[in-house]
Amino acid sequence: MINELCELQVRESKVADRRQSGFVNALRVHKALTADLEKRILLWLAVRTPSCVNSDQLTTLGFIAQVLGGAAYALAARDWRALWLVNFFLVLNWLGDSLDGTLARVRDQQRPRYGFYVDHVSDTFGAMALMTGLALSGYAHWQIAAGLLVGFYVLSIESFLATYTMGHFHLSHGAFGPTEIRILLILGNVALMIHPYTHIAGRNLLLFDVGGAVAIIVMLSMAVVTACHHIAVLYREEKLDD
């Protein structure tokens, strides 16, 4: 029995090391509202991108832009006009974060493991920087900013687990993906410049507190529904014989 367990562990260790067993690209699933239009725009940009620009540079641009967006949010606590900077950096973040993979595919320079890991690690730390800046901006309470970050992380974790277990990488949940979130943030920032408060039931509340609370509920609900669906699918696919 002990020998059999040892042999099983050896076989599992060999299979687990994908540098030896090979890496299989997950099927990308992107059904967000802007997905088709965004794909056409990114392809148009990719074929016109100068040869001196590569995917690593674009990934770096996207990450730095997200960090600077967080810094601009923090600066907005002193000057509301810094919200224009936030929007500018969100556009730059979209450009770098979205175009890097498209450029690699157009040039046939894909590095699946490296690209997947670096792209999402950058998003992880970039989102933390952006929400930290929002928490310091005075336009939302820090609890709301923290809740938004947690909601983003929960959705990300669920997506990564599904990628590993099911071979499908969902870039969007329902009709919303990263681009839709950026658009909502940009529109929200414009609304903040006009009026940072909203009136509900006779109370004066921060606009981003209300919008953020709704976003947290939506993200967590989407994560629960998606997780339940994937659990059911995996259970049916690996159902034990009676």
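Is Phe 169 buried or exposed? In this predicted model, in which local features need pLDDT of at least 70, side-chain atom pairs count only at pLDDT 80 or more, and totals for chains, interfaces and linings use all residues, Phe 169 is buried, with a relative accessible area of 7%. Residues are numbered from 1 along each chain as its sequence is written, and side-chain values use heavy atoms, with hydrogens and water left out. Buried stands for under 20% relative accessible area, exposed for over 50%, and partly exposed for values in between (1.4 Å probe, protein chains only).

The protein chain contains nine helices and four strands, taken as DSSP runs numbered from the N terminus (helices: H or I, at least four residues; strands: E, at least two). Their order from the N terminus is α-α-β-α-α-α-α-α-β-α-β-β-α. Of the 242 residues in the protein chain, 34% are buried. Where contacts (heavy atoms within 4.5 Å) join residues at least 6 apart in sequence, 77% are between residues at least 24 apart.

Four aromatic pairs are present in the structure. Rings of Phe, Tyr and Trp (its six-membered ring) pair if their centres lie within 6.5 Å, and planes under 30 degrees apart count as stacked, over 60 as edge-to-face and the rest as tilted. The Phe 116 and Phe 169 rings are edge-to-face, because their planes stand at 75 degrees, with the centres 5.2 Å apart. This pair links distant parts of the chain, with Phe 116 in helix 6 (residues 112-137) and Phe 169 in strand 2 (residues 168-170), 53 residues apart. Phe 116 is partly exposed, at 32% relative accessibility. Ring pairs join Phe 116, Phe 160 and Phe 169 into a cluster.

Phe 116 and Phe 160 also belong to the contact between helix 6 and helix 7, where the residues that meet include His 120 and Met 128 in helix 6 and Leu 148 and Phe 152 in helix 7. Helix 6 and helix 7 (residues 142-166) pack at about 165 degrees, with axes 8 Å apart. Axes are lines fitted to C-alpha atoms, for helices over the stretch in contact, and angles run from 0 to 180 degrees between N-to-C directions. Helix 6 and helix 7 are therefore roughly antiparallel, a class for angles over 145 degrees, whereas under 35 counts as roughly parallel, 65 to 115 as roughly perpendicular and the rest as oblique.
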